[in-house]
There are 2 protein chains.
Amino acid sequence: MILVNGLPSEHIRVFDRGLTYGDGVFRTLLVRAGHPLCWPRHYDKLYADCAALEIICPPEDILAAEMVELIEGTPDCVLKVIVTRGESQRGYAIPEHMEPTRILMTSAAAQYPANYLTDGVRLHLCSTRLAIQPLLAGIKHLNRLENVLARREWNNSEIAEGLMLDMDGNAIEGTMSNLFLLKGKTLHTPDLGRCGVAGVQRQRIMDLAGRLGMTVRVENLPLARIYDADEVVLCNSVFGVWQVRELAGKSWRAGKLAARLRSLLDDECH
Amino acid sequence: MILVNGLPSEHIRVFDRGLTYGDGVFRTLLVRAGHPLCWPRHYDKLYADCAALEIICPPEDILAAEMVELIEGTPDCVLKVIVTRGESQRGYAIPEHMEPTRILMTSAAAQYPANYLTDGVRLHLCSTRLAIQPLLAGIKHLNRLENVLARREWNNSEIAEGLMLDMDGNAIEGTMSNLFLLKGKTLHTPDLGRCGVAGVQRQRIMDLAGRLGMTVRVENLPLARIYDADEVVLCNSVFGVWQVRELAGKSWRAGKLAARLRSLLDDECH
């Protein structure tokens, strides 16, 4: 089921700037037993991303009510929320009075191989690099061609994700996930001030890491730092946390970080 | 009037990757007396842009037939053609069998002040910089948030366009136009191998400049080179050619380049 501006529909108009310019933002989250996990955090991020682009964010209560309606028949699913700036005629200029478009849609809960959680995953090293654009960095906006190009680089069901570097060779993120590495007692995660998407799951891990006795450092992480890590994990709001077991010939032994993070995350958000 | 995949409609489905990822390309061209100007060149560019992203480009004869139908009632208008990769479920991966979405829409012929052509235009120097992304450079794709941000920088009807630099400070283009400068007998235009859109009007000028006794050089043009130019012009397929008369405090005297280029261009494409 899909709701567009609160009404059942599968369509938007072709004047929508979400289509014509990718002028919008989105969220993807997990619904379990009828409960959208960590919704307040997702709404905060949606609001912040809208604000960064000066898009009017729909009120939380409206989205929440529509979510309830939407997931009534599908208590376990993936929920995607898209907010675009709204419609306009041709031209990049933004008319004075915009009405944002909100799209809520559910899809079947993602089916990843069960051993991704138990054994970890193989990672492709993408040749598609992320461009440096501080004005858009961190925002989960609709301009996602780099991700599409990167994801196109492999077609092997044994590879779960692709690692993307920025133009300077720093590891930034997966095509659909954020990245942490463990070295000693410190969790390192890439600085996303120049490119990449700062996901909700990443922020949650940063907030919770102290409970594992770890400090978190946000910094530039050249690829060599990944290879040198004790453990590497990926995270997003749908699959949770995966350990990286293999990347471009380098392999890691099974570690405990992914399971420990999953346990912490499961406790916090219901 | 609007045609979506050949049928009158104002809508696309929310699964369209043009919306979800900006996964598509577009063209904007002028229709005069029922004739889409330079259509063969626009189709070639549409085809090339699709090919660069491995999007299936609709056949020329189908688009041409739909254009005829579309512009029957509006012989003078602006025509926009959007081609997206098509629809898919959630996820960046591209399904094996994609059917591209084609959208043809007309809008009223653009109304710019008449003195833009006779007197030239004022240009805003945008603080929004273009990110360096060679994989997408030159392509007129649907990831246009940088243009939206740049166009948002001014709200003054006396300013016709904004000049965008890349991250290294090279002048690249206007938010909706390409750029040439004249120095002596040489036309210089920015190298678009790392960012920017390589427009049809720009290519036409490059092809025709020899007839004015000018050579064309494609190269990096730091902002200082703009200020140092004898004349600066902007071009696109809708407004044609404008002389830049003012940019960030620097002004140029009325020159002949814009009118000479317009005359050449009008002769070639009907």
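I began with strand 9 (residues 159-165) of chain B and found it mostly covered, with six of its seven residues buried (a residue is buried if 20 or more other C-beta atoms, placed from the backbone, lie within 10 Å of its own). Strands here are DSSP runs of E with at least two residues, helices are runs of H or I with at least four, and both are numbered from the N terminus.

I noted that this is a predicted model, where local features need pLDDT of at least 70, side-chain atom pairs count only at pLDDT 80 or more, and totals for chains, interfaces and linings use all residues. Residues are numbered from 1 along each chain as its sequence is written, while chains are lettered from A and ligands numbered from 1 in the order in which they are written.

Next I looked up the partners of strand 9 of chain B. Strand 8 (residues 121-125) of chain B pairs with strand 9 in the parallel sense over four bridges (pairing takes at least two DSSP bridges), and Arg122(B) stands opposite Ile159(B). Strand 10 (residues 171-174) of chain B pairs with strand 9 in the antiparallel sense over three bridges; there Met164(B) stands opposite Glu173(B). Strands 9 and 10 of chain B form a hairpin with five residues between them, and Gly169(B) in the turn has a positive phi of about 90 degrees.

Then I turned to the open sheet of six strands in chain B, with order 2-1-7-6-4-5 and antiparallel pairing. Its edge strands are strand 2 (7-8) and strand 5 (35-36) of chain B, each pairing on one side only.

Technical notes. Buried ≥ 20, exposed ≤ 12 C-beta atoms within 10 Å, placed from the backbone.
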